[in-house]
Structures are given as structure tokens and as C-alpha cells.
Amino acid sequence: MTAGREVVVELDQVRKHYGETVALDGVSLEIRAGEAVAVMGPSGCGKSTLLNLIAGLDRPSSGRVVVHGEDLGAMNETGLALFRRRRVGMIFQFFNLIDDLSALDNVALAAQLTGTTAAQARRRALDLLDELGIAGRARMYPAVLSGGERQRVAVARALMNRPAVLLADEPTGALDSHSGEQVMDLLLDLHQIGQTLLLVTHDERLAERCASRVVELADGRVTAERTLESSR
Amino acid sequence: MSAVWGIALAAVRRRRLQSAILAVVVLCSTVAIVVALGLLEASSGPFDRTFAAQRGPHVVATFDRAAVSDALLAETARRPGVEAAAGPYGQSVVTVADTRQSLPPGPLTVVGRPGPGGPVDRVELWAGRWAERPGEIVVNRPVDPVFGDLVGAAVQTVEGLRFTVVGLASSVTRTAEAWVAPAQMEAMKPASAQMLYRFVAAETAAEVRAATAAVTAGLPPSGVLGTQSYLTVKRDVSRAAEAYLPFLAGFGLLGLLVAVLIVANVISGAVVAGQRQIGVLKSLGFTPDQVMAGFLMMVLLPAFAGCLAGTVLGALVSQKLLDLVFAGIGAAIGLGIGWPVYVAALLGVPAVVVLAALVPASRAHRLPAAETIRAGSAPRPGRGQAVQRLLSGSRLPRPVSLGLGLPFARPGRSAMTLAAIVLGVAAVTLATGLFQTMTAYGDTAQRVGRVHSIVHVGRPGQVRPTLDDAAIEALLRSRPGVRHVTANAWIDVRLPGLTSRSMAQFLRGDAASRGDVVVAGRYVAGPGEVAAPSAFMRRFGLRVGDRLTLALGGARTQATIVGEVMDAADDLIIASWSTLTALDPAGRATQYEVGLAPGTDVERFNAAVKAAEPGLYPRAKSQADQHSVAVIGAAALFTVLLGTVATLGVFNTVVLTTRERRRDLAMLKSIGMTPRQVTLMTVTSMALLGVVGGLAGLPIGVASHRVVVLAMLDAAGLGAPAMLLDVWRVAALAALLVAGVAIAVLGAFLPARRAARLTIAGALRTE
């Protein structure tokens, strides 16, 4: 179990509002190293906002967000960029790959931003793609890859800099059932080798297969929390 | 309000930045077009306009009164082919005495006329009044305040006549050098009479010859002393303006080309960027025609606003430039830009906008709705991928290599942007070169840095100097800070066999230090030597080494042309003082050109000279040539306009590219690209186009400069001195190359910063 492990993500009374609309209302949450947490809830409950705050893509209106010991509220834009580069990896529902780059270069890009040489970045990217079972498609461009393959490339890119936490926003939401299964297996594998995961999903099956804990959100508040034993 | 109108207005409101860019681009382009067309139109016909306004005579005929009676001459006005005629007016040639008074000494053709108006040759009386009584004279001078102090001056002739100048008038066909009242003329017992004719058909030299033959038919052959066609005068008068015609034409064409390209680029971008919305509208039930109409309206609203404002601004700027360029030729009759220019701008520019919008809009018109939506949401794959693959393996920082690959993802738009930069750099290069050339020409013409003070000798009516010629020169040389002194005597001489009248500038002292540019041969160095401007040499078909005879009064002397100098005058020769001595041993200097050492205060020098000899009238030498100032002003204006338009074109491209790549940029930020790296990447993408554009635009600009300057020099009869052509320096060329990058980077920087500040979460949800 993860109870004694270090806290990787800590949210303390976090509020986020957009004008009059309150997206998060006093959310407190801890995620420990090696945990896989699924955040669930109806549309508009604040799931993606929560993910964006943890990823440093957005800033809380009040409260504290600390990831891997770093208080995101105290960082400027450049600091947040460096934080994202080193500490988190993100997977999106619609993959968000760059169409002009091959799968290999999309993955290598994340490492190149940290100053890794092109050759080194490509070697590691190829290893990752190999581990994810799509090394044969490394030279292909996103337009010719299937949805599942694109999401695998996105996962490889997210893992490129060995993030402290992997954040996934509806990772199977745009996939057919077969591709969805493949991605679920992939996330499960990652969790099992100790990767800290935070999933935002509507998909009960995904949560049950991949997460060790489920956090329920409604109207910007945590309404329930439960631990799942099946996945571990 | 119709649905189409509604979506057009909504689109303009929603795309405020793009609408503003479009409006400003169209505004600048319209100003450039109006100025270019206006100057082209005006420069192609300043003489024609003035000639038409003055109802100038197609032929000025001079008759011998002893052979042809006035009654017979009056009868010629009614002959077939004559539209209107004036005269006969008595005509007499007097010789202005060398009294250092108002007019230069020498022959003066005087005509007796009752007034400046009439059916033909309505001369512009621009100062004073017409001669009404004996002893009054009106002098023909171009409209220029510099001649203003002639009114009231006295004129004395060798024949013993005395006149007072009561007015100044301008006759574009130079029907006389001065006019007196008819009664005065009768008292002068004129030997000849002048008739002024306007013909029904006088477009060509042949028509003028035929019409002239018709009016002189039947008259005693000895009675016709001479005829002068307006076509000859036109060639002469238009020469100054024609010098600037190639420049104006070059810039005008460049301006039109750049403006049309940028407008097309901006419009295409606007429509391409709106393709997704086109698809959405179609899915809602809008017909393809309605969608297209909406989009055309969307671009036409800001474009027409820019066009209107540009036309007004262009009109104001053009008029100011016209006044400068054609000062003295047509200002008095209100030489302005014709309405066709405004109509062309008001109809032509929106037409270009519509044409530019039609191509991409019609493509969207044809596309199925679903495909249009897809086309608008993501770039088509397969573009620029090989380049990106190559760059991703390079050692360049990743934001730089990514930025370098971006232009290849949108080759069409990149090509348009590149074309805009190439033209922008070429325009800036051409303008810079012309600036250098005109400055070099102006500095030479004005003897900038060589002559700092011109000391005039007091004329009758002013305080006369007590010192003689040599003592004045010694006085000037004795002042502290004086480096060189050149004594000048401007005298009208005759050149038998060539012309009855030419201005001769006789020089004494440090003539070589005046800075005259010798195009061929060498400068005047000794007795019996003259130098002549290229225009003079061409006018009379002379070469270096040819001999001239100079005549003044009854004296004659021979001189050899030893050099050809750069000067636009075709009625001037430069000669040594000893040549003047041979013609007039008593000849005196009328002015002195003084060059001062650096740091010497010109005003203090002038005050000291005036205090030492009250009969001297020193003034600081003007450091600017009016025509050069006008051309440099026009070049600067065009450069600013074209530079602005080129920069906005790039700006627009980057804004659109950035908008299309919002998702990519947000993704790059989500994996750790810093705002500075996003800015660097976006700016790099445009800097690449800037470098390529600079490398291509530079030689085009340099070549255009050579063509334009050679044409200008040819039109002005200036020869082709290397100093006006070889104006390029390595540092200047490097700076011009940087201009291409600067245009691109300047245009890219703001939208790049905006891209760097994108809200990642919002952008990534947009799919």
C-alpha cells in the first residue's frame, strides 16, 4: 500500500472561480507516490479544473497546490513551465500531438526541451515507444495513426521526462472500445510499476481497472472518496 | 437586418484585431496608391495642365513689320485651322545695361500687350500689376517668392530707356521676357510684331507645321522672322519634372505591387482562417452563396473604411508633394490630382479586396460543410514534415528548430509573406539608395561642406561697396576661418553659331574647391578654357575638346571645352576669369563663394563681413536642394508606407498562424515550453522568412536603384557620374539585409508574445 509514502500532490482548501462561476470550492486532497487516483463526477463538476491546477496549467483563486514539494502558487510563468517539464506528464482526450512531427519526434520533443541532445532524446523516445508496443510506427505521422496509437504516443511523450505524476484527462474518451482497452492496460501497467497517476474520467470501468482510489466531485466539492482494492 | 449582414457584422466585431489590421493595411496601401497614381498623373503633364490653363499658343510667330502690315497679320487670325489668336503685338529687343541692377545685362525681348488676359496666352500675373503707363515693365519670371523683390526695381537699357518693374508674370510658353503697355511699345518703334496662335489640330509636330504654313501662306517670305512651336518649349520646360518621373514611376509601381500582394495575403488569410465557421454556417442552413456574401462583407467593411480614410490621407499627402516637386511650374494655377485617381482608388482598392477574397471564399463555397469544418480545425498533414524531421535532429535549440520548420507547414501563405517581405526590402533598399543618390546630388548642387557663405555685391539701390573687386576678395580671405574664396561673375553672353543667349559663370580664385563634379575631361584651369554641363553638351551636340566663341557686346573670344560637369542646366557654361577679361576688362565679380573651416560660425563670419564692408550682402548658403528634399520626402513616405504594409502583412500572417496553432502551442507549453521559448519559436519562424526575403530583396532593390537612377540622370541630362550610382557601402547593405529580418521580427513579436500568454487549459479544450 502507499500510506507511508511521500505526498506527491497536496491540495489545501483550493478554490477556483471564473467570474461568477465557481469551478472548485474548497477542495483538499493528497496523492502519495505510487497511488493511482481517479477523479470522477458529472460534467462541469470541476474535474478538469482540478487536473489543470495540479499540472500548473491554471492557478487557484485561493488555497495551495503543492506538487513534489513545490508550491505552484509561488511560481511565475517560466517557473511553471519548468515545473511541467520536469515534474508532470499529461495525457489528453484528444491526444494533442503535433501534426508536423513524426511519432518519434513528438515523443523526443519533451526531452529536447530539457536540453537533451536530439540523438539521446530519439534513443529514449524509441525505447519508450518500443515499451508501449508501437516502435514500428515511430516514423509515422499522427494523421496516419489510429486513435489508440496516437494515445500511446501521447503517453510515451508524457513519460519522457520521468514525471513525478502522470495526469490523464479522459484518456479513453475519444477512443473506440478496443483502443480504449489497450490504453487502460497501458495505464494499469504503469501504475503497477509504481507510476503515480491522476485520472480524470467519466468511465467507471477505467477507474476500477486502473485506480487505487476514487475521488468523487460534485459542484466543485469532494463529495466522496473510496479506496479500490481490485487494481493492486 | 438580414442573417448574412448579421454574421458579417458579428465576424467583424469578433475578429477586431484582424479587422483592424485589414483596415490599416488597406489604408496604407490606398495612400501609397493615391500618392503614386497622383504623382504619376501630375508628373506626366505639368506643362500640359499649365498650358491648357493659360490657353498657351501652339505657335508664337514673329513678323517683320516692314514687310507685313498689322492689318494683314490680324487677317491671319481668321484663316482655316486657327482656333484663336492674339496680336499683332509690337515686339522689340532691348539690351539691359550692366548696371548691376534688377535684371542681368544682355538682350531682353519685350512685347507690348494691353493686359495679361485674352483669348490666347493668359499669362499668370502673380506679383504687382500690369504695365499701364510708359516707363513701366512686367518681367516674365516663374512663380517663386525669391523673385519678389524685383517689383519696384529699375531697369536701364543700353538704348537709353528706363523702366520700373511693376509686376511679375509667368508665361509657360515664354512668349516674351518682358511686357510693356502698347503705347510704350509704339514709342519704342518696334521693328517686329508677334502673333500668338492656337490651332484646331496641334497634337503633333507635323500638325503644328501644317497649321503654321497655313497662317503664313501668302505672306512675303521675308516677313516671317521666326516661329516657335509649343512642343519645343514643352520639351524644355518639362525636363526638370521629367527627371523625377522614373523615380515616381518606379516607386508607384512598387507601391501598387506591394499593396495588392499584401491586401491579397491578408484577405486570403482571413477567409482561410474562417473556413471552419463557413462549415458551421452551412450546417445551419446557410446557402453557399449566403456564406460567401457574408464573408465578402466581413472583409469589405473594414477594407472600405480603410480605403476611404486612405484616399483622403493620400489626397492631402499627394498635394503637398506636388507643391514641392512642381514648385514654380504649376503651383499658381493650382496643379492638383485629377478625380480619376480618386475614383480609381475608391473603386479599384475594394475591387482588389473582393478579388483577393473571392479565390479562397469560392473554395470554401465548393467544399462540403463537414470537410470545411475539418479543414478549419487542424492543418492538413504531410506538409513540411521532411523539413521538421531534418530539423529535429539538428543541434539547434528545439524552439529554434521548431520555428524554422513552421513556414513549411503553410507553404502557400509563407510564399505570400515572403513575397511581401521581398518587396518590402526591395522598396526599402531602393528608397535608401535613392536617398543616398539624391543627398549626394543635392550636396554637390548646393556645394554642401564646400561653400558656406555667399557674399553678394551691393546693387544699385542698395549700399554700394567702397572697396574694389580685389580689395573685397582680400578682405574675405583675411577673415579668420576662411579656407577658400571664389569670385563669381554671372553674365549673359552670346555663343555665335549655337545660341543667342547663354549664362556664363566666370570664376576667379579657388574655383577648383567648389566641388563641381567632372564627368568627362577636366576642370577649368586657365585662360581660354570652359567647362559645360552634360545637358548643355547634349543640347548642342558638343564634346570635350570642341571650341566655342563667346561674345559680349562687341567683344569676342575663343575658348575650348576642357570638361563636362554634372549640372542640370543646359544654358550655362563655366569659364575662367581671364576669359571674362578678354571680353570685358572691366568685368567685376557679382558674388563670392566662401568656404569656411570646420567649426567656424557662418553667421558670425557674415556679420563681420557686413561690418567691415556695408556694401556687401553675405548670406549663409542653403544646405538643401528643394527638388532633392521633395524626392527624399517622397522616398521616405513610400518607404514608411510600404514598410508598414509589409510589416502588417507579416503581422497578420503570424496572428493567423498563431491562432491556427493555438492547440499546438498550448500543448508545447503543457510539456514545459516556457513563454520565452514560445516567443522565440514564433519569431524564429518569421525571421527565417525575413532572412530569405532580405537576401532576395536586396539585389532586386540594388538593381532597381541602378535602373531608376540611370533613367533619372538621362532624363535630367546629367550624365552618369559614379558618385550617384555607387552609393552602396558594405555596412549599409548589411543593415538593409537586417531590415528584412527586422520587418519579419517586428511583425512577429507582438503576436508571438500573445501566443506565449495563451491560456493552456482553454486552448487544449478547443477541439
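**Figure 1. Strands β6(A) and β7(A) pair in the parallel sense.** This view comes from a predicted model. Four bridges link β6(A) to β7(A). Within the pair, A:G89 stands opposite A:L166 of β7(A). Strands of a sheet pair through backbone hydrogen bonds, and the pairing can be parallel or antiparallel.

**Figure 2. An open sheet of six strands in chain A.** The strand order is β6-β7-β8-β3-β9-β10. Pairing across the sheet is mixed. From one strand to the next, the twist averages 20 degrees. The edges are held by β6 (88-91) and β10 (221-227) of chain A. Each of these edge strands has a single partner strand, so one side of each is left without a neighbour in the sheet.

**Figure 3. Helices α3(A) and α4(A) cross at roughly 120 degrees.** Helix α3 of chain A covers residues 103-112, and helix α4 of chain A covers residues 118-131. Their axes come within 8 Å. The two helices are therefore oblique to each other. The crossing of α3(A) past α4(A) is right-handed. By class, this contact has eleven nonpolar, one polar and two charged residues.

**Figure 4. The residues where α3(A) meets α4(A).** On the α3(A) side are A:A103, A:L104, A:V107, A:A108, A:A111 and A:Q112. On the α4(A) side, the residues include A:A118, A:A121, A:R122 and A:R124. Also on the α4(A) side are A:A125, A:L126, A:L128 and A:L129.

**Figure 5. Chain A in contact with chain B.** Here 29 residues of chain A are in contact with 28 residues of chain B. On the chain A side, α1 (47-55), α2 (77-87) and α3 each supply at least two residues. The largest share comes from α2(A), with six residues. By class, the chain A side divides into 16 nonpolar, five polar and eight charged residues.

**Figure 6. Helix α1(A) and the glycine that follows it.** Nine of the nine residues of α1(A) are buried, so this helix is largely enclosed by the rest of the structure. Among the buried residues are A:K47, A:S48, A:T49, A:L50 and A:L51. The list also includes A:N52, A:L53, A:I54 and A:A55. After α1(A) comes A:G56, with a positive phi near 75 degrees.

**Figure 7. A cis peptide bond in chain B.** The bond joins B:G87 and B:P88. Its omega is about 5 degrees. B:P88 lies in strand β2 of chain B, which covers residues 82-96.

**Figure 8. A:E170, a residue with positive phi.** Phi is about 45 degrees here, although A:E170 is not a glycine. The residue sits in the loop between β7 (165-169) and α6 (177-192) of chain A. Is A:E170 buried or exposed? A:E170 is buried, because 20 other C-beta atoms lie within 10 Å and the cut-off for a buried residue is 20 or more.

**Figure 9. B:K189, a residue with positive phi in chain B.** B:K189 is a residue other than glycine, and its phi is near 50 degrees. The loop that holds B:K189 runs between α5 (182-187) and β9 (192-199) of chain B. B:K189 has 9 other C-beta atoms within 10 Å, so this residue is exposed.

Key. Residues are numbered from 1 along each chain as its sequence is written. Chains are lettered from A and ligands numbered from 1 in the order in which they are written. This is a predicted model: local features need pLDDT of at least 70, side-chain atom pairs count only at pLDDT 80 or more; totals for chains, interfaces and linings use all residues. Axes are lines fitted to C-alpha atoms, for helices over the stretch in contact, and angles run from 0 to 180 degrees between N-to-C directions. Angles under 35 degrees count as roughly parallel, over 145 as roughly antiparallel, 65 to 115 as roughly perpendicular and the rest as oblique. A crossing is left-handed if the near helix is turned anticlockwise from the far one by less than a right angle, and right-handed if clockwise. Two residues are in contact if their C-beta atoms, placed from the backbone, lie within 7 Å. Ala, Val, Leu, Ile, Met, Phe, Trp, Tyr, Cys and Pro count as nonpolar, Asp, Glu, Lys and Arg as charged, and the others, Gly among them, as polar. A residue is buried if 20 or more other C-beta atoms lie within 10 Å of its own, exposed if 12 or fewer, and partly exposed in between; C-beta atoms are placed from the backbone. Two strands pair if DSSP finds at least two bridges between them.
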